[in-house]
Amino acid sequence: MTANGQPTLDRGRPPVPGPSRSCSFPNFEVETLESGARLWTLDVSGCGLVTVVLLMPGGSELDTPDRAGLASFTAGLRGAGTKHRDALAFAAAAEDLGTTIATSCGWENAAVGTTIGLEDVAAGLELVAEAAAEPAFLDEEVERRRRRRLAEIERRRSDPAAQARLAFARAVYGDTPYGYPAIGDRSTTEAITRDDIAAFHGRALAADSCHLIGVGDLGRGSVRRAIESTVEPQLRAHGRRFDAATESLEPELASPSGRRVVVVDRPGAAQTELRIGHSGVPRSHPDRVRLQVANSILGGKFMSRLNLTLREKHGYTYGVSSAFDFRRGPGPFVISTAVANEVAGAACRRTVEEVERMCAEPPSAAELDDARNYMVGVFPYTLQTIQGLSSRLQTLAVFDLDRDEYDRWPERVRATSAEDVLQVCLRHLFPEGLTITATGPADELLPQLEGLGTTEVKAAG
């Protein structure tokens, strides 16, 4: 107690968390339009804004080794001029409406969308329809984008984190689509032609495989009417299923028989970038929620086993994290950190030990409660904006998940037991099959990494 009778604050104890609050995903509607596209709508009345996204097939998982980067190259050009306006006129038209027309490309799909005021939604969707269905792919724009991509590829050659990501992907996935960066490399970027881009876009413009996501102030049906008068006519002209097939997304060695160490030599580097992991599971896997709980304990939050060991106990790093990147195919499970060169070997061994511990014993009651409370507690923060809600609907659409996925998610997290965590780790974590990539000075790293697995050295870049 203080002199005036007030209780003192005990700074040696963390504050007691408050009670959890229930959170449910808002109601949304799904219907199939005349074109064959599926329309997903979620009304947030009174916000005055709408975000509309057209999801198209044709993501980076379709890239081939000789044309790596084609999907993202194509997606970036959809907003760079159309058959009706050049790039400057198109950008000016969007600016006049107080918005931008955003184009993007993920592993599974490409997207064209905008966030705009309700009163301007029809004009904004005209631009979305133009970008999605009538891009011009002018030669000068193709070459301008090519120069920018080559400059970014060159920049990444000097970025140790980018080099580490690339080395890990190549080591785990080889010549499969996941083994190449979505941006491609110098040789593939130089090889891609305007005809390649136009042909790829033509295949992807397949209405029966498209989704329209509309979230925000839907104005008593005015947004739907705007979609029907702008985007829908363009899609009706392309009412077919997407027929392109991906190469195999499975890694070359789905179940590695031994640990592998890849050193990417960067002489003189001040620190080492570490990436440690292996291929994981698809987004649709029934173990995905239990794996998220397990990963939260291992390295998915600040007070995780990895961070407490590598950062707090040993002082090897400012931070370490682990994640399962859930994709249509078996995306990577990867642990990421940067450490001083002289402790790289010790950090790798401590990391391997923590993965082994996840497979050897169930988590304590306190660890499990912390992980479940953290995951359920942060979930509502992802639903605060119309863009966040749109992102959640896009995930449902792309991966064909049940529409009650988010309503059931908190209860599935809370229902995950310590034994569940141990069993999913035994099924999906492979300490003896880890791939370890270390990007740093090989002469300092090789002696430290001896005995961790078969070792190879590659030049950076």
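Author: Happy to! A salt bridge here is a side-chain nitrogen of Lys or Arg within 4 Å of a carboxyl oxygen of Asp or Glu. This is a predicted model, in which local features need pLDDT of at least 70 and side-chain atom pairs count only at pLDDT 80 or more, while totals for chains, interfaces and linings use all residues. Residues are numbered from 1 along each chain as its sequence is written, and side-chain values use heavy atoms, with hydrogens and water left out.

Let's start with glutamate 141, which pairs with arginine 144 in a salt bridge whose closest N and O atoms are 2.4 Å apart. Because the two are three residues apart in helix 4 (residues 139–157), about one helical turn separates glutamate 141 from arginine 144; helices are DSSP runs of H or I with at least four residues, numbered from the N terminus. Glutamate 141 counts as buried at 9% relative accessibility, whereas arginine 144 is partly exposed at 36% (buried means under 20% relative accessible area, exposed over 50%, partly exposed in between, with a 1.4 Å probe and protein chains only).

Helix 6 (residues 186–191) holds glutamate 190 and arginine 186, four residues apart, about one turn. Their closest N and O atoms are 3.4 Å apart in a salt bridge. Glutamate 190 is partly exposed at 47%, and arginine 186 is partly exposed at 36%.

Next, arginine 311 and glutamate 312 meet in a salt bridge of 2.6 Å, N to O. Arginine 311 is partly exposed at 29%, as is glutamate 312 at 45%.

Finally, salt bridges link Glu152, Arg155, Arg156 and Asp159 in a network. The whole structure has 31 salt bridges.
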